[in-house]
Amino acid sequence: MDITKHLRDLNISPSTTRRAIFQYLYEKKNHPTVNQIYTELIHSIPTLSKTTVYNVLELFIEKDMVHVVDSIDNEKHYDLVLIPHGHFICESCNQIFDVPNVKVSYDKNILDGFDVREKRVTFIGVCPTCKQKMN
């Protein structure tokens with residue numbers, strides 16, 4: 001993916017920091033926190049601050065490139081949104097997994113008059129690795 005072009009297409013100036021954060025999210029797909037992104041990138045961008053990471057993520061959220069995934073560890077995790085998907089959160093290890101092809105159905109009459117802009121699905125349980133460790 002041409003990150004510079006992608007950012008420019010969304011009217012975002014492709015600074016070194018913005019490109020690095022986007023690339024991290026694109027390559028890792030690990031639903032990181034601000035601290036995780038900062039810790040990973042501070043070595044290659046010595047002037048980076050946690051505030052800058054937060055501000056870039058907020059810009060990406062405004063442009064609907066990133067969503068916040070609330071986890072059971074009470075921290076905000078960030079997810080690059082290239083295709084719609086849901087999430088599975090493991091109660092044991094707190095890892096967040098992408099769940100593709102999730103469809104939400106509901107009785108639209110229940111939300112009559114509401115303006116639904118987004119539908120998110122989150123499953124919570126125990127992942128196969130943790131389940132195996134428990135047995």
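Me: Lys and Arg count as positive here, and Asp and Glu as negative, with His and the chain ends left out. How far apart do the centres of the positive and negative sets of side chains lie in the protein?

Reply: The model is predicted. By this way of counting, the protein carries 16 positive and 17 negative side chains. The separation between the centres of the two sets is 4 Å.

Me: In what pattern do the helices and strands follow one another along the sequence?

Reply: The protein contains five helices and five strands. Reading along the sequence gives the order α-α-α-α-β-β-β-β-β-α.

Me: Along its principal axes, what does the C-alpha trace of the protein span?

Reply: The chain of this protein has 135 residues, of which 30% are buried. Its accessible surface comes to about 9100 Å², and carbon and sulfur atoms account for 48% of that area. Along the principal axes, the C-alpha trace spans about 45 × 45 × 25 Å.

Me: Among contacts between residues at least 6 apart in sequence, what share joins residues at least 24 apart?

Reply: A contact here means heavy atoms within 4.5 Å. Of the contacts between residues at least 6 apart, the share that joins residues at least 24 apart is 46%.

Me: How many aromatic pairs does a search of the whole structure find, and what kind of pair do Phe22 and Phe60 form?

Reply: The search returns three aromatic pairs. For Phe22 and Phe60, the ring centres are 6.3 Å apart and the planes meet at 85°. An angle over 60 degrees counts as edge-to-face, so the Phe22 and Phe60 pair is edge-to-face.

Me: Are Phe22 and Phe60 buried or exposed?

Reply: A residue counts as buried under 20% relative accessible area. Phe22 has a value of 0%, and Phe60 also stands at 0%. Both values fall under the cut-off, so Phe22 and Phe60 are buried.

Me: What kind of aromatic pair do Phe88 and Phe97 form?

Reply: Their ring centres lie 6.3 Å apart, with the planes at 55°. Planes under 30 degrees apart count as stacked, those over 60 as edge-to-face, and the rest as tilted. At 55°, the pair of Phe88 and Phe97 is therefore tilted.

Me: Over the face of which residue does Lys29 lie?

Reply: Lys29 is placed in the loop between helix 2 and helix 3. Although not a glycine, Lys29 has a positive phi of about 50°. Lys29 lies 4.7 Å from the centre of a ring, and the residue that carries this ring is one of an aromatic cluster with Phe22 and Phe60. That residue is Tyr26.

Me: Is His31 buried or exposed?

Reply: His31 is in the loop between helix 2 and helix 3, with a positive phi of about 50° although it is not a glycine. Its relative accessibility is 2%. With buried defined as under 20%, His31 therefore counts as buried.

Terms used: Residues are numbered from 1 along each chain as its sequence is written. This is a predicted model: local features need pLDDT of at least 70, side-chain atom pairs count only at pLDDT 80 or more; totals for chains, interfaces and linings use all residues. Side-chain values use heavy atoms; hydrogens and water are left out. Helices (H or I, at least four residues) and strands (E, at least two) are DSSP runs, numbered from the N terminus. Buried means under 20% relative accessible area, exposed over 50%, partly exposed in between (1.4 Å probe, protein chains only). Accessible areas come from the Shrake-Rupley method with a 1.4 Å probe; for residues, only the protein chains shown count as cover. The place of a charge is taken as NZ of Lys, CZ of Arg, CG of Asp or CD of Glu. Rings of Phe, Tyr and Trp (its six-membered ring) pair if their centres lie within 6.5 Å; planes under 30 degrees apart count as stacked, over 60 as edge-to-face and the rest as tilted. A charge sits over a ring if NZ of Lys or CZ of Arg is within 6 Å of the ring centre and within 35 degrees of the ring normal.
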